[in-house]
Amino acid sequence: MQSLSVWEKESFFNDQHVIIIGSGFAGLWSAMHLKLLHPAQKITLLERGIIPTGASTRNAGFSCFGSPSELLGDATLMGEEKMWELLSMRYAGLCEIRNYFSDAEIDYEGSGGFECFKPSSPIWHECYQKLKWLNDGLEKVTGISDVFKIADEKLTDFGFSGFEHLVENKLEGGLHPGKLVQALLRKVQSLGVQVFTSIEVLNYEELNNSVQVYTNHGIIFKTNQLLICTNAFTGKLLPGMDIIPNRGQVLITSPIAGLLLKGTFHFDKGYYYFRNLGNRLLIGGARNMAFDEENTESMHTSPIIQQALESFIKDHLLPNTEFTISDRWSGIMAMGTEKYPIVKAITNNVFCCVRMNGIGVALAPIVAKQVVQLMNT
């Protein structure tokens, strides 16, 4: 690279108090909480893409803390205590978003959410039996009674086919993740956080109680503390971390006249999720059709998943309606052997806040606070 001027060295590239790698939700919320706590600190965000290139701007735009079958599945996998703890974090994170940003800024729609069930589904029978238990626990978390309720009578309102039961979640909504990232960027930059895009961090080295950060442009940053918020791509900087990159695929239709589907919906423990975006239908998921193939960092969509999503639309959502697909995309999530974020100190000067498990919209505001607290102890 060409040499830097003294002016550049003493302004853009001078020594930092904190460098954060990754400007997705975790990185942006962490930058905001750090700057609010320490207004005088010099904080820089480094992003390898032109915009965040993981899952933050490439998800389905759900503002949710879990459908009944997802929560019951979590309780089985991780135990009831951890399930409720994770749910509490997700709910608190969703509240945090709306504390900082207006509904108009992020296109938030509190239209309610639903989970759909097929006839004679074993999943339905478990949810039906444990709905009161879920509601009792949710009331302790949210202060609101009867969050989930059976709403079979609304099935015909949405024009569905092949579903027998519907459970409504009155606290769920949708938002625009791209606009949320933009709002966070405006917020952190207004606080004085410096944001660089198209800079990839290749590695880092700890020297004399500081950290040197090496980039693809040959620029070396020096910082007191380094925070890694690279989610699914963390293995490049922290090999051996319990993180499995996982692709989440999405498609959206062209406008559909008279679209009946309104709100946010889940099916099959959250493996399928769909919503309206105005008069267009957006659907994502189906990774349970090809788990191994979806454990990838590739941003390309795949025929098997896209066909499964289209078939689901034809069979259940728009059974008698012609439609065309206008856009297809994917995002890369970070999964692991357990459905819990990793917030930890790697060394005295290096920290990480990663593995959002596909629920980063809700989790990031809270885990960012956790890692900031850790960095200041």
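**Figure 1. The loop between β13 and β14 holds Lys-269.** This is a predicted model. Lys-269 has a phi near 60 degrees, a positive value in a residue other than glycine. Its relative accessible area is 40%, so Lys-269 is partly exposed. Asp-268 sits in the loop between β13 (264-267) and β14 (272-277) as well. Asp-268 is not a glycine either, yet its phi is positive, at about 60 degrees. Most residues other than glycine have a negative phi. Asp-268 counts as partly exposed because its relative accessibility is 22%, and the buried class ends under 20%.

**Figure 2. Gln-306 is a buried residue of helix α9.** Helix α9 spans residues 303-317 and includes Gln-306. Relative accessibility at Gln-306 is 4%, so this residue counts as buried. Which side chains make polar contacts with the side chain of Gln-306? One is the side chain of Gln-249, at 3.1 Å. Another is the side chain of Arg-328, at 2.8 Å. Gln-249 and Arg-328 are also among the residues that Gln-306 touches, not counting residues up to four places away in sequence. Val-250, Leu-251 and Thr-301 complete that list.

**Figure 3. Lys-314 is a partly exposed residue of helix α9.** Lys-314 lies in helix α9. Its relative accessibility is 48%, so Lys-314 counts as partly exposed; the exposed class starts over 50%. Leaving aside neighbours within four places in sequence, Lys-314 is in contact with Pro-319 and Phe-323. Gly-263 is 51 residues from Lys-314 along the chain. The C-alpha atoms of Lys-314 and Gly-263 are separated by 19 Å.

**Figure 4. Ser-330 is buried in strand β16.** The strand covers residues 325-335, Ser-330 among them. Is Ser-330 buried or exposed? At 0% relative accessibility, Ser-330 counts as buried. A polar atom of the Ser-330 side chain lies 2.5 Å from the backbone oxygen of Met-299. Met-299 is also one of the residues that Ser-330 touches, with those up to four places away in sequence not counted. Ser-298, His-300 and Thr-301 are in that set too. So are Arg-247, Gly-248 and Gln-249, along with Arg-58. Ala-151 is 179 residues from Ser-330 in sequence. In space, the C-alpha atoms of Ser-330 and Ala-151 are 32 Å apart.

**Figure 5. Val-201 is a buried residue of strand β9.** Strand β9 runs over residues 201-207 and includes Val-201. Val-201 counts as buried because its relative accessibility is 10%. Val-201 and Gly-22 are 179 residues apart in sequence. C-alpha to C-alpha, Val-201 and Gly-22 are 9.4 Å apart in space. Which residues are in contact with Val-201, leaving aside its neighbours within four places in sequence? They are Ile-21, Leu-46, Val-213, Tyr-214, Thr-215 and Leu-237.

**Figure 6. Arg-90 is buried in helix α4.** The helix spans residues 80-100, and Arg-90 has its place there. The relative accessible area of Arg-90 is 2%, so Arg-90 is buried. Its contacts, leaving aside neighbours within four places in sequence, include Cys-64, Phe-65, Gly-66 and Glu-70. Lys-339, Ile-359, Ala-362 and Leu-363 are in contact with Arg-90 as well.

**Figure 7. The whole protein sets the context for the close-ups.** Its secondary structure comes to 10 helices and 18 strands. The radius of gyration is 22 Å, close to the 21 Å that the globule rule gives for 377 residues, so the protein is as compact as a globular protein of that length. Along the principal axes, the C-alpha atoms fill a box of roughly 70 × 45 × 40 Å. Buried residues make up 54% of the 377 residues. How many contacts between residues at least 6 apart in sequence join residues at least 24 apart? The share is 72%. The accessible surface comes to about 16,400 Å², and 50% of this surface belongs to carbon and sulfur atoms. There are 32 positive and 39 negative side chains. The centres of these two sets lie 4 Å apart.

How values were computed
Residues are numbered from 1 along each chain as its sequence is written. This is a predicted model: local features need pLDDT of at least 70, side-chain atom pairs count only at pLDDT 80 or more; totals for chains, interfaces and linings use all residues. Side-chain values use heavy atoms; hydrogens and water are left out. Helices (H or I, at least four residues) and strands (E, at least two) are DSSP runs, numbered from the N terminus. Buried means under 20% relative accessible area, exposed over 50%, partly exposed in between (1.4 Å probe, protein chains only). A polar contact is a pair of N or O atoms within 3.5 Å; within protein, one must be able to donate a hydrogen and the other to accept it, and residues adjacent in sequence count only if both atoms are side-chain atoms. Contact means heavy atoms within 4.5 Å. The radius of gyration is taken over C-alpha atoms; the globule rule is 2.2 Å times the number of residues to the power 0.38. Accessible areas come from the Shrake-Rupley method with a 1.4 Å probe; for residues, only the protein chains shown count as cover. Lys and Arg count as positive and Asp and Glu as negative; His and the chain ends are not counted. The place of a charge is taken as NZ of Lys, CZ of Arg, CG of Asp or CD of Glu.
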